[in-house]
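Try each task yourself before reading its solution.

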Amino acid sequence: MAKDPRIDECIKSGRDPIHFINTHVKIAHPILGTIPFNCFPFQEESIKYFQEHRFNIILKSRQLGISTVTAAYALWLAIFYSNKNILILATKRDIAMNLIDKVKTMLQNLPTYLLLKGIKSETKQQICFENGSIIKAIGTSDDSGRSEALSLLIVDEASFIKNFDKLWTGLQPCLST
């Protein structure tokens, strides 16, 4: 009996987020519709930094696809690793939910065999996977994320968040797990 090539693909995708993203992730393009997400070299470098360094700050210009590649990385982490608590924080809840929408588009267009455990529940603000992983989006407030034990914190457009230093003081212990 021949081995199912999907098994090898699941293993390869689970080990390498760049392979997963370049091979399986699709994104919504404003003109072309749903298209494959092929990372630029600087996006692949960002993913490597995510894996190699605990804290990353990216100073960039607009429309470079860093939010999109970060959403794809969060999806990879949630699918292939159990019990990951991923929080997306932005100046406003609607902006954070834009990243969740990107994740949902990516998720809807994945081959079903890559969803090893499937989706437990989904709302406008969060996706819960059957493996215990969660991707949640919230806006900023004085107590944003403080009661969470986080595996990954994504702060979108941090420079526009008022009193970010105070917010960070409360969030940093959530990342110490």
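The model is a predicted one, where local features need pLDDT of at least 70, side-chain atom pairs count only at pLDDT 80 or more, and totals for chains, interfaces and linings use all residues. Residues are numbered from 1 along each chain as its sequence is written, and side-chain values use heavy atoms, with hydrogens and water left out.

**Exercise 1: the overall fold**

Task: Work out how many helices and strands the protein has, and in what pattern they come along the sequence.

Solution: 
- Start with the count: the protein has 6 helices and 7 strands. These are DSSP runs (H or I, at least four residues, for helices; E, at least two, for strands), numbered from the N terminus.
- Now read along the sequence, and the pattern is α-α-β-β-α-α-β-α-β-β-β-β-α.
- For burial, 41% of the 177 residues count as buried. Buried means under 20% relative accessible area, exposed over 50%, and partly exposed in between (1.4 Å probe, protein chains only).
- Finally, look at contacts (heavy atoms within 4.5 Å). Among those with a separation of 6 or more, 65% are between residues 24 or more positions apart.

**Exercise 2: the span and packing of helix 5**

Task: Check the span of helix 5 (residues 93-108), then find what its buried residues pack against.

Solution: 
- The expected span is 1.5 Å times one less than the number of residues.
- Next, list its buried residues: Ala96, Met97, Leu99, Ile100, Val103, Lys104, Thr105, Met106 and Leu107.
- Those side up against strand 1 (26-29), helix 4 (66-80), strand 3 (85-90), strand 4 (119-122), strand 5 (126-129) and strand 6 (134-139).

**Exercise 3: the salt bridges**

Task: Find how many salt bridges the whole structure has, and say how exposed the partners are.

Solution: 
- The criterion is a side-chain nitrogen of Lys or Arg within 4 Å of a carboxyl oxygen of Asp or Glu. The search turns up 3 of them.
- Lys3 pairs with Asp8, with closest N and O atoms 2.9 Å apart. Lys3 is exposed at 56%, while Asp8 is partly exposed at 39%.
- Arg6 pairs with Asp4 at 2.8 Å. Arg6 is partly exposed at 44%, and Asp4 is partly exposed at 26%.
- Lys104 pairs with Glu122 at 3.9 Å. Lys104 sits in helix 5 and Glu122 in strand 4, so this pair ties together parts that are 18 residues apart in sequence. Lys104 is buried at 11%, whereas Glu122 is partly exposed at 43%.

**Exercise 4: the faces of helix 1**

Task: Sort out which residues of helix 1 (residues 5-15) are buried, and which exposed residues lie on the face turned away from them.

Solution: 
- Glu9, Cys10, Ser13 and Gly14 are buried. Down the helix axis they fall within an arc of 130°, so they line one face of helix 1; the arc is that of the directions from the axis to the C-beta atoms.
- The face turned away from that buried side carries the exposed residues Pro5 and Arg15.
- The cover over the buried residues includes helix 2 (17-24) and helix 4.
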